[in-house]
Amino acid sequence: MECDFLIIGSGIAGLSFALRVAQLGSVVVVTKKNEVDSATNLAQGGIAAVLSKDDSKRDHIQDTLASGAGLCKEEVVDLVVDQGPERVRELISLGVDFVKDTGDSSGLNLGKEGGHSRRRVAHAHDFTGREIERALLEKVKQNPQIQILENHIAVDLLMIDKTRGAALYCAGAYVLDEKMTVEIYKAKVTTLCTGGTGKVYLYTTNPDIATGDGLAMAFRAGAVMANMEFVQFHPTCLYHPKAKNFLISEAVRGEGAILVDQNGIPFMEKYDNRKDLATRDTVARAIDKEMKESGVDCVFLDITHKDKDFVKERFPTIYGRCLEYGIDITHEYIPVVPAAHYMCGGVETDTWGRTSIEGLLALGETACTGLHGGNRLASNSLLEAVVFAERAYEYCAQHWTVISQRSIPQIEPWKAGEAQILNEEILINHNWDLIRRIMWNYVGIVRTVKRLKLAKRQMKGIFQEIEQHYRDYFVTANMIELRNIALVSLLIIESALTRRESRGLHFLADYPRTRDTFAHDTRFRRKKDGLLGEIDLC
Ligand SMILES: Cc1cc2nc3c(=O)[nH]c(=O)nc-3n(C[C@H](O)[C@H](O)[C@H](O)COP(=O)(O)OP(=O)(O)OC[C@H]3O[C@@H](n4cnc5c(N)ncnc54)[C@H](O)[C@@H]3O)c2cc1C
């Protein structure tokens, strides 16, 4: 397979970029499951942008910086906030049906979420992501330049030695296809749009695809990574034995819901003067403390004081899903717990979406652009994905004469060597479970150096065992994902151990204060001549 643009992932980042670069050349989008299996499809709250006359770019910038705990790159925040309104209008022109409100100067019904000082979140009730994914897929399918391949999982990047040992460049990827064959996909530009890493943790709001594949592939290839200690835990995931990963959107608190303990007593005022609308890190830690102190399994969200019809109309998905589990949210409390939600760090990119490897871009949750710093502001991630898809396209368009001349040499086919068929899935499933429990128990919302060191020691052993399996047996999608969550877990632990302070989403109980000496990104790459999983700080 040979194309101009290989895009790995079919969420908002991959599809937005595909639609743009299809103006330049041929596009292949590989996606590891069904085309809609993505975090994008699950997004509820919406997309933040300055759309109303009651709002200002200065305020959106201010809110983003305040949430980012001193680590946002100001030029990136300015850029994203500035381009936000245009990108949202573009989504509307592509067919995204945001809820309207003729009473607002924007013509849209704008929601408010934690950390935002204004109403600025465009939404499609509580199924915004599904609506965006639908509209983008519809346009992609009408475009003859774009081919989407479902059930194709990228295994590793194709790295070419351009100058005999000096710089490497990316020329595509090895992809495991539906026939269980690893094929070579060559491309002039390869773009990682593989989403987040929530599956590293036992409890997560993320879909099953969120195994950090893009991060692991980029790290193995030698890319510079950043800020992987900053994992956002969403404060309110539904707590019910049958609900695997169902989110109760922040917008519910935005519309007046209150967090209460098992006695129905509100507790957020003890922790922050913004109460229930404090940023996610604060609310998640408050819930974690309440649960640990009282020994209860969950806390509760109370929206029973709001008009019944309003709740049903504003949150149809949440209302319907909770009802399926026997909870009528219009007159009963919703049981909730925090869960891993968003990776603020990732593959470091510049303002054009370029990674440190030539020929390799990263967009969406996989990228660390500098927008989120130490804590992402709610509803800024869909925005980041569309703004950077446009920026990356602009870069490719401006340099197309050079990029289109890139020639890709003959590439060695994938070698299975002496690999055997693995007929004991238990070897894989056991490690999946082990990793996710270690990460939840030792590398969660509140961390300590002792727990992190313990996690590192245990993870190293598991990681070596998985690498051995990877070499001994034929690759399967399950094995590829396990290998990736093991590596990503190690990288999160290494990053967390490096930052001896508490800042934003990273709370280290031994160092509860923010320290000026750490007012910088944690940047690292694969250790030269070291074992895979070891890092060199940059
Ligand atoms: C429940 C939930 C609610 C959210 N609500 C909001 C919200 O209201 N507002 C907001 O701004 N953000 C929200 N977020 C975050 C936001 O949805 C994500 O950050 C964003 O959608 C990520 O988009 P993406 O394109 O980077 O990745 P995704 O949408 O996750 O897409 C990743 C794609 O990559 C594919 N893929 C992964 N690995 C491979 C591989 N090895 N080979 C081939 N394909 C691969 C996947 O199959 C998928 O198609 C929410 C997230 C969740 C989980």
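Four elements each give at least two residues to the shell around the ligand: helix H1 (12–21), strand E7 (153–161), strand E14 (334–343) and helix H10 (380–398). Helices here are DSSP runs of H or I with at least four residues, strands are E runs of at least two, and both are numbered from the N terminus. H10 provides the largest share, three residues. Keep in mind that this is a predicted model, where local features need pLDDT of at least 70, side-chain atom pairs count only at pLDDT 80 or more, and totals for chains, interfaces and linings use all residues. Residues are numbered from 1 along each chain as its sequence is written, and side-chain values use heavy atoms, with hydrogens and water left out.

One of its oxygen atoms sits 3.0 Å from an N or O atom in the side chain of Thr31. An oxygen atom of the ligand is also 3.4 Å from a polar backbone atom of Asp37, and an oxygen atom of the ligand is 3.5 Å from a polar backbone atom of Ser379.

On to H9, residues 316–324, where Ile318, Tyr319 and Cys322 are buried (under 20% relative accessible area, 1.4 Å probe, protein chains only). These three lie on the same side of H9 because they cover an arc of only 100° around the axis, taken from the directions from the helix axis to the C-beta atoms. Just after H9, Gly326 takes a positive phi of about 85°.

Conventions. A polar contact is a pair of N or O atoms within 3.5 Å; within protein, one must be able to donate a hydrogen and the other to accept it, and residues adjacent in sequence count only if both atoms are side-chain atoms. Buried means under 20% relative accessible area, exposed over 50%, partly exposed in between (1.4 Å probe, protein chains only).
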